[in-house]
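The entries follow in the order in which I made them.

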Amino acid sequence: MKSYTTKLTLLCTAWLLSCTVQAHSLQNKLYETGEPIPKPRVMTGFIEMQHARGVPEVPFVDEAGQTHTLKQYQGKLTLVNLWATWCTPCLREIPELQKLQQHFADKNIAIVPISIDEEVKEVRPFLNQHGFSNYSTWLDPDKNIEQIIPANVVPATYAFDAKGNLVGFVRGYLDWTDKDVAPYLDKLIAKYAQ
């Protein structure tokens, strides 16, 4: 009985710690973001948060096995796009995000795709099969992203300010090629990038 109680206590403690870690970015209010930028209809699902949230620095790996963190994009508005090979709407977003990356190549914005697939060896063949051989992505088989933001919906895109604080998000598919998206992102860059 004592062994069972000890195991139950450890299990409950681990669960509480995981809840604390996942709640970190939702509870850690750093500053008020001010008046929200008026959104075009296509951006209706995008939520610009009233308070920027501080997030922990967690590691991701690229396809070559190199470790990266979001810190390398400080100074920029950073859009983290969560996707997976089993996500049908992600297939629609990938080429749209590629076009967006090209459009904003000389601007103060970074678009960072992160695959949450557990089987990382399937990611590159999937991308190649669908004609995305030039699409670079980070990998997160251990779901480290969940220490920052929830990874229970894909696609999902999260916006971080110049200091790496969470300032907005959209969960679900968004038509990134709509004519009103780029002007809205320009306003987010002006507000949140350095």
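Entry 1. The model is predicted, and I read every value below as computed from it.

I then asked which residues of E6 point one way and which the other. Ile109, Ile111, Pro113 and Ser115 point to one side, Ala110, Val112 and Ile114 to the other, and all of them are buried. Since seven of the seven residues of E6 are buried, the strand is largely enclosed by the rest of the structure.

Entry 2. I looked up the strands that pair with E6. Strand E5 (residues 77-83) pairs with E6 in the parallel sense, over seven bridges. Within this pairing I found Val80 opposite Val112 in E6. The chain passes from E5 through H2 to E6, a β-α-β crossover that is right-handed.

E7 also pairs with E6 in the parallel sense, over two bridges. Here Ile114 stands opposite Trp138 in E7. The chain goes from E6 through H3 to E7, and I recorded this β-α-β crossover as right-handed.

Entry 3. I next examined the largest nonpolar core, which has 56 residues. Which of its residues touch the most other members? They are Leu82, Ile145 and Trp176. H4 gives the most to this core, with seven residues. In soluble globular proteins, nonpolar side chains tend to be buried together.

Entry 4. I searched for disulfides and found one. It joins Cys87 to Cys90, with the sulfur atoms 2.3 Å apart.

Asp186 forms a salt bridge with Lys107, the closest N and O atoms being 3.0 Å apart. Asp186 is in helix H4 (residues 181-192) and Lys107 in the loop between helix H2 (88-103) and strand E6 (109-115), so the pair ties together parts that are 79 residues apart in sequence. Both partners are partly exposed: Asp186 has a relative accessible area of 28%, and Lys107 has 35%.

Lys143 and Glu118 meet in a salt bridge at 3.4 Å, N to O. Lys143 lies in the loop between strand E7 (138-139) and strand E8 (156-160), and Glu118 in the loop between E6 and helix H3 (123-129), so this pair ties together parts that are 25 residues apart in sequence. Lys143 is partly exposed at 22% relative accessibility, whereas Glu118 is exposed at 58%.

Asp180 forms a salt bridge with Lys179, with 3.3 Å between the closest N and O atoms. I noted Asp180 as partly exposed, at 30% relative accessibility, and Lys179 as exposed, at 67%.

Notes: Residues numbered from 1 in each chain as written. Predicted model: local features only at pLDDT ≥ 70, side-chain atom pairs only at ≥ 80, totals over all residues. Heavy atoms only, no water. Salt bridge = Lys/Arg side-chain N within 4 Å of Asp/Glu carboxyl O. Helix = DSSP H or I, 4+ residues; strand = E, 2+ residues; numbered from the N terminus. Buried < 20%, exposed > 50% of the residue type's maximum accessible area, 1.4 Å probe, protein only. Disulfide = S-S within 2.5 Å. Core = buried A, V, L, I, M, F, W, Y, C linked by side-chain atoms within 4.5 Å. Pairing = 2+ DSSP bridges. Right-handed = clockwise from strand over helix to strand, strands pointing away.
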